[in-house]
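Hi,

Here is the structure I promised to pass on. Have a look at it first, and my notes follow below.

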Amino acid sequence: MASSTGFLDRHGDKILQAWASEASRAASARGLSDVELKNLMPVCLAALTGGADEEVLMRHIESHLSDRIRWGFEVAEVVEEFAILERCIFSCAATAPTDERPSPDELARIFLALQNIMVRTTDSFQVHMQLDEQREKRYLRQLRTLADKALHTPAAPLGGHLKEMLAVIMEAMAAQCAALFLYDPQSELLVTQAAVGLAEDDLQEIMTSLDPATVTGLMATSEEPVAIDDVAATELVVSDGLRRSGIHSLLGVRLPRRDRIRGVMYVGTRVQGPFSTRELRRIEALGEGMTLHLENGQLHAELRLRIVELEAERALRERFTAILAHDLRGPLASAKMSAHTLVRLGDRAARPDIVGRIERNLERVDLMIRDLLDVSRMEAGQRLPLNIDWCDLREVAEDVVQDLEAQHGPRFAIEADGEVRGMWSRDELRRALWNLVVNALKYGRGDTQIAIRLARRGGDARVSVHNFGDPIPAEYREHIFDVFSQRRRAPQAGESWGLGLAFVRACAEAHGGAVEVESDKEMGTTFTITLPFDARPHQK
């Protein structure tokens with residue numbers, strides 16, 4: 001019987017050759033080069049024969065484990081390499097000549113030493129894994145810290161915060177570049193938001209589609225991480241700058257992995273080859289962290305914007321209340337003074353002019369209050385209540401003109417294509433037309449006539465108010481019928497609050513119709529209400 005040391009010395013090459021043949025077919029060989037596969041076992045075998053001390057062996061095991069963990073191997077796969085070595089030693093001992101075989105006790109000592117190496121390797125692996133998990137937690141904590149910093153410094157450029165976060169991700173992945181693309185719903189493109197590392201300048205201001213034929217498009221359409229092993233050779237569309245940068249491999253993830261897409265994040269390395277399972281899991285975790293921070297940042301920005309809008313809304317309403325009180329005070333004071341005059345006159349109170357003044361001022365107050373109530377309904381999404389009956393538009397127009405001529409003189413003309421009658425609410429149409437005519441008086445030239453045109457067009461009735469004056473800017477026409485159309489600028493006393501035109505639209509829509517405006521310098525400004533001849537079906 002040969003000693004265990006002599007047996008291993010004489011048959012070491014044969015054992016290693018058998019080990020390499022079997023290990024190359026095992027899970028532990030996946031993705032490894034021949035050197036990476038065989039780098040530890042010769043040292044391990046030498047340690048069993050006394051040719052390598054324990055300290056040298058543990059240094060090799062530590063290096064071996066670092067590589068295996070980086071490539072995403074599990075502990076069972078690492079231990080399997082030593083188990084294969086154990087089987088190869090046993091097989092070689094069983095087939096060796098009798099005089100070269102180690103004794104059972106000596107073979108047991110070899111296996112015991114190998115078992116001790118396996119135990120120490122397992123313990124070391126667990127330590128490595130714990131350290132690796134701690135590093136991952138540290139990087140996620142750094143991302144959270146940077147995200148919190150970004151939330152507390154909203155004035156700083158977003159790109160600067162994102163570059164800091166990408167730098168952390170690049171370090172966590174041991175990569176040489178990283179890039180973030182966010183999805184723009186309007187253009188339906190992925191747009192570069194930040195890039196760091198190699199090709200940083202070349203990756204700026206890139207816009208790509210969600211087409212899977214592009215690198216970013218493929219990442220955006222996949223719920224799993226996408227690895228590009230060879231950037232130079234891939235048939236996918238990649239920027240020329242990235243191909244020239246020296247980056248060989250890319251690993252990217254969709255943000256978020258499921259649901260509505262927000263963007264794509266990827267890292268690149270100079271190392272060419274497949275990414276490990278652990279690297280895939282880590283990019284997923286970092287991608288989820290980045291998604292969470294992007295969503296929190298957006299929610300924070302939306303909240304800040306809403307707060308600003310609410311503050312502006314509050315200031316606007318306070319201003320509105322103040323001016324409304326001022327506007328109401330005028331007609332109420334006039335009506336009060338007129339009433340006091342009647343009281344002083346006693347039996348001589350037969351003064352129709354004073355009574356008429358009281359009626360007009362109280363009507364103005366009543367109209368303001370009705371406008372406020374109707375605006376409240378409009379903002380609540382309700383339709384105006386209508387009292388529908390037979391109505392003649394010409395009579396409505398003449399009523400409005402008669403009231404306004406007493407103050408503004410004969411500036412009005414009514415043009416009608418025959419009789420225009422329908423089932424409408426007379427009071428609401430009168431208020432709507434009155435608002436349009438007053439609007440024309442306010443903004444039209446004082447030396448021009450205001451025309452009220454009534455017509456039948458197919459199955460609809462049309463009432464238009466036309467005046468000459470400065471045209472309404474196109475950007476203002478888009479929102480001219482909105483409630484508080486001057487919302488962005490609180491008006492001074494006497495200026496319009498935009499309630500009148502908002503009421504006109506609400507009145508038209510309550511009848512099942514619409515209102516539009518046309519305005520240019522040569523033709524003037526025309527507001528047109530279109531109404532169906534029977535508004536009753538639209539009140540259901």
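This is a predicted model: local features need pLDDT of at least 70, side-chain atom pairs count only at pLDDT 80 or more; totals for chains, interfaces and linings use all residues.

Residues are numbered from 1 along each chain as its sequence is written, and side-chain values use heavy atoms, with hydrogens and water left out.

On to the aromatics. Searching the whole structure gives 4 aromatic pairs (rings of Phe, Tyr and Trp, the last by its six-membered ring, pair if their centres lie within 6.5 Å; planes under 30 degrees apart count as stacked, over 60 as edge-to-face and the rest as tilted). Phe90 and Phe111 make a tilted pair, because their ring centres are 6.4 Å apart and their planes sit at 40 degrees. Phe481 and Phe527 form an edge-to-face pair, 5.9 Å centre to centre with 90 degrees between the planes. Here Phe481 comes from the loop between α14 and α15, and Phe527 from strand β13, 46 residues apart. Both Phe481 and Phe527 are buried.

Now the core. The largest nonpolar core has 42 residues, and Trp424, Leu433, Ile452 and Ile529 touch the most other members (such a core is a set of buried Ala, Val, Leu, Ile, Met, Phe, Trp, Tyr and Cys residues joined through side-chain atoms within 4.5 Å). Among the elements giving two or more residues to this core are α12, α13, β10 and β13. Another core, of 34 residues, lies apart from it and includes Ala23, Ile110, Met118 and Phe125.

Helix α13 has 18 residues and reaches 26 Å from its first C-alpha to its last, close to the 26 Å expected (1.5 Å times one less than the number of residues). Its buried residues include Glu428, Arg431 and Leu433.

Finally, the sheet: 6 strands form an open antiparallel sheet in the order β3-β2-β1-β6-β5-β4 (two strands pair if DSSP finds at least two bridges between them). β3 and β4 are the edge strands, each pairing on one side only.

Cheers

How values were computed. Buried means under 20% relative accessible area, exposed over 50%, partly exposed in between (1.4 Å probe, protein chains only). Helices (H or I, at least four residues) and strands (E, at least two) are DSSP runs, numbered from the N terminus.
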